Amino acid sequence: MPQDPVLAALAGGDWRSGEALAAVLGVTRAAIWKSIERLRREGYEIEAEAGRGYRLLRAPDLLLPAEIDRHFRPERFVGKIVHLDEVDSTNRLGIDLAREGAPEGTAVVAERQTSGRGRLGRTWESPARVNLYLSVVLRPALSPVEVPRLTLAAAVAVADAIAATTGLRPGIKWPNDVLLGGRKACGILTELEAEAERVRFVVVGIGVNLNAREEDFPPELRAKATSLAIELGRPVDRPAFAGALLGALERVYGEMLRGGFPGVRARYESWHVLPGRLVTVDGVPPVEGLVRGIDDEGALIVEAADGTRRVLSGEVTLRGVYPTD
Ligand code: BT5
């Protein structure tokens with residue numbers, strides 16, 4: 001999405017006169033003033049002084065599309081970002097937009113969710129203005145059974161983005177929890193609409209705890225949830241992280257379309273924390289054993305007492321990572 005031209009012209013933080021802005025952008029000075037007023041309403045602090053013009057002092061700490069755009073140059077994705085202060089669920093809105101024909105890469109971000117969705121009807125805690133709640137519309141040429149691999153690929157994108165922007169070392173717990181220091185920092189929920197053999201669209205929903213403090217989580221979650229800020233001891237730049245994540249997602253998604261899951265498997269394995277651990281995977285009956293790793297289809301390989309098992313879905317319980325629900 002093209003950045004706001006006035007904002008782009010002020011981005012360096014230097015004084016720019018109204019006259020010069022109007023000339024460069026080919027609009028009237030009144031139009032410049034209108035843009036300044038709109039940016040201020042969005043929370044930008046812009047100083048104005050007679051004779052000198054305008055100067056950008058501070059961008060708001062919000063996930064505004066213009067701020068995310070500064071950290072994301074789309075190649076495959078359409079680059080449209082819908083930003084809301086509050087929404088029930090970014091996935092719900094993403095699905096509605098996809099049904100209306102939203103192109104691939106359309107993203108929804110919100111400062112707060114009132115009904116953030118986890119898997120299997122669970123809830124995703126979504127406190128206001130501290131984290132990232134992001135949903136991206138994808139239209140991959142995949143069959144529905146291949147879609148869970150896309151969720152694994154999204155976990156790789158999150159881990160890559162965390163490592164690249166903070167230097168922290170995240171871990172992925174199969175299938176798609178991203179952990180920091182053994183606690184959950186991110187959850188991914190992929191929803192899709194499909195015909196028998198063909199996916200119509202996929203909405204990949206990603207919740208990343210960025211600047212949440214312990215007290216932003218309900219008490220029962222504090223022992224098993226964390227955020228980038230808790231781990232780093234300082235807040236992170238939320239729009240910069242969102243931009244980095246969109247870039248990582250676009251890259252991993254491209255690799256997935258070119259080479260299938262085998263193309264991202266090695267990167268997944270580099271973050272995976274389960275190999276060599278004893279686990280129980282729920283199901284009827286549950287599978288218990290030693291994790292060997294994953295295969296080319298993203299299935300978890302577990303060495304059980306009665307032989308090697310391929311697990312395609314389920315909740316993994318592991319002592320010492322975090323207590324399960
Ligand atoms: C997930 O579910 O981990 C998927 C969460 C996906 C959330 C994103 S936010 C943007 C998009 N829009 C949505 O409405 N959803 C997606 P699951 O594996 O079922 O894990 C849910 C469990 O994680 C809960 O039952 C809690 O125990 C725990 N949990 C809830 N909120 C959390 C948080 N903010 N941080 C860490 N753990 C949390």
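How many bridges pair β11 and β12, and in which sense? Notes on that and the rest follow.

1. Before anything else, this is a predicted model, in which local features need pLDDT of at least 70, side-chain atom pairs count only at pLDDT 80 or more, and totals for chains, interfaces and linings use all residues. Residues are numbered from 1 along each chain as its sequence is written, and side-chain values use heavy atoms, with hydrogens and water left out.

2. On the opening question: β11 and β12 pair over 5 bridges in the antiparallel sense. Two strands pair if DSSP finds at least two bridges between them. Helices (H or I, at least four residues) and strands (E, at least two) are DSSP runs, numbered from the N terminus. Across this pair, Ile-294 sits opposite Leu-300 of β12. The hairpin of β11 and β12 has 5 residues between the strands, and there Gly-298 takes a positive phi near 85°.

3. Carry on to the next pair and you find β12 joined to β13 by 5 bridges, again running antiparallel. Leu-300 turns up here too, opposite Val-311 in β13. This hairpin has 2 residues between its strands. Strand β12 (residues 300-304) is mostly covered, with 4 of its 5 residues buried (buried means under 20% relative accessible area, exposed over 50%, partly exposed in between, with a 1.4 Å probe and protein chains only).

4. Now the whole sheet: these strands belong to an open sheet of 5 strands in the order β13-β12-β11-β10-β14, with antiparallel pairing. β13 (307-311) and β14 (316-317) are the edge strands, each pairing on one side only. Strand β10 (residues 278-281) is tied to strand β11 (residues 287-294) by 4 bridges, and Val-281 has Val-287 in β11 as its bridge partner.

5. There is also an open sheet of 7 strands, ordered β3-β4-β5-β9-β8-β7-β6, and its pairing is mixed. Its edges are β3 (81-84) and β6 (171-173). Strand β4 (residues 107-110) and strand β5 (residues 132-138) pair antiparallel over 4 bridges; Ala-107 has Val-136 in β5 as its bridge partner.

6. Which strands does α6 lie across? They are β5, β6, β7 (177-180), β8 (183-194) and β9 (199-208), with α6 running at about 145° to β8. α8 lies across β3, β4, β5 and β9, at about 30° to β5. Contact means heavy atoms within 4.5 Å. Axes are lines fitted to C-alpha atoms, for helices over the stretch in contact, and angles run from 0 to 180 degrees between N-to-C directions.

7. The axes of helix α6 (residues 147-166) and helix α8 (residues 238-259) come within 8 Å and cross at roughly 140°. That makes α6 oblique to α8 (angles under 35 degrees count as roughly parallel, over 145 as roughly antiparallel, 65 to 115 as roughly perpendicular and the rest as oblique). Residues in the contact include Leu-150, Ala-154 and Ile-162 of α6, and Phe-241, Leu-245 and Met-256 of α8. By class, the contact of α6 with α8 has 16 nonpolar, 1 polar and 2 charged residues. Here Ala, Val, Leu, Ile, Met, Phe, Trp, Tyr, Cys and Pro count as nonpolar, Asp, Glu, Lys and Arg as charged, and the others, Gly among them, as polar.

8. Last, α6 and helix α9 (residues 262-271): their axes come within 9 Å and cross at roughly 60°, so α6 and α9 are oblique to each other. Among the residues that meet are Leu-152 and Val-156 in α6, and Tyr-268 and Trp-271 in α9.
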